Amino acid sequence: MDIPPLAGKIAALSLGALPWSYALNHVSALSHPLGLALVSALILGLLFVAIYSLSPGEIYYDPLYAVFAVFAFTSVVDLLIALQEDGYAVGFMEFFTKEGEPYLRTAHGVFICYWDGTVHYLLYLAMAGAIHRRKRYRNLGLYWLGSFIMSILVFLPGNILGKYSSEIRPAFFLAIPYVLVLCWAGTRVFNQSRAPTCCTPDVVQEEQRKGILRRPVDLALVMYLTLAGFFTLFRGLVVLDCPTDACFVYIYQYEPYLQDPVAYPKVQMLVYMFYVLPFFGLAAYALIFPGCSWLPDWALVFAGAVGQAQFSHMGASMHVRTPFTYRVPDDAWACFFGCNLLYALGPHLLAFRCLWRPAFFLRPPPGPLDRHKKDH
């Protein structure tokens, strides 16, 4: 997969978030939550107008160029929020975390801001650069789509269900257009044509004749998916207060963060159990039986989703914003870190395997019997 160049124009425009944030931080009118929400919506509207006037050709070619440009700006804002909350920056986003979205000051909120300000930001620049050069970016878009969906699936319900539910401000409802834009963007990304493969029909037939025992990499991935599935189910039962001794020992000695009243870790484990667990089962099936052409796309989506989720979950489990009683115990740190790191790497290895040698997942070409039937 070719990595498209980054969009310099979008990068320069997104860095405008620095002076804007610093200036707005000293405007007294933003001390009111409603005023903050209105000003935030106004800034996003002006930003879209500026992008349209600067790059009309790119927007006519692919309207997602404007989406990526606006989101790149907000990614810089999120990075400033994370740096501000960790004490690495001063005087930028205090007004927003106090009056707009106070739940961003949690450990989980800080780490989703770090992820958005780094990984998402680079993806936006790469995808905007691909549009500018008229190149494909479908694979990058699928990874971003999974990551963004996972972030929203955990963050929004966690805000409503956790201890910050009483501090929902008008700025929270700015997430509604984000969700609508995400649905539209996801549809456009999926509808893009796939990159052509260089696999000949003979190569596809030869690869699909091999059983799972003749494909050691796929066998290892099936074993991983099986173990990861049991781990996913186990942690889901833990947050559902399963009374077994194993769940009790795990939540108190290995991942006490699952009890944190902010509710993000509980929602995260439930999302894993209801969405990621079925995918693990389907992916194992697709690695055993040939012709499951849907796996490469969905492997990228779930790689982005699990990558974002594990980064936020692991970081929040050890962050100083998490109360000490809910942090990972020192004697369990190696076990916690190793298990969660493997959980994050597995879907990425699966996605890489699908992109590296896709012949097994392509639709099987018609065999001699099918050609004979077709001729008659």
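Why does F48 count as partly exposed? This is a predicted model, where local features need pLDDT of at least 70 and side-chain atom pairs pLDDT 80 or more, while totals for chains, interfaces and linings use all residues. Residues are numbered from 1 along each chain as its sequence is written, and side-chain values use heavy atoms, leaving out hydrogens and water.

**View 1. F48 on helix 3.** F48 sits in helix 3; helices here are DSSP runs of H or I, at least four residues, numbered from the N terminus. It counts as partly exposed because its relative accessibility is 40%, between the 20% limit for buried and the 50% limit for exposed (1.4 Å probe, protein chains only).

**View 2. A nonpolar surface patch.** F48 teams up with V49, Y52 and Y60, and together they show about 450 Å² of accessible area (Shrake-Rupley, 1.4 Å probe). Helix 3 (residues 33-54) gives the largest share, three residues.

**View 3. Helix 11 and its end.** The 24 residues of helix 11 (residues 216-239) span 35 Å from first C-alpha to last, close to the expected 34 Å, which is 1.5 Å times one less than the residue count. After helix 11 comes D241, with a positive phi near 60°.

**View 4. Lining of the second largest pocket.** Sixteen residues line this pocket, with Y224, L342, L345, G346 and L349 nearest its centre. A pocket is an open set of points on a 1 Å grid where a 1.4 Å probe fits, with protein on both sides within 12 Å along at least five of seven lines; lining residues have an atom within 4 Å of a point. Helix 15 supplies the largest share of the lining, nine residues.

Terms used. Patch = residues over 30% accessible without salt bridge, like charges linked within 9 Å, V, L, I, M, F, W, Y side chains within 5 Å. Salt bridge = Lys/Arg side-chain N within 4 Å of Asp/Glu carboxyl O. Helix = DSSP H or I, 4+ residues; strand = E, 2+ residues; numbered from the N terminus.
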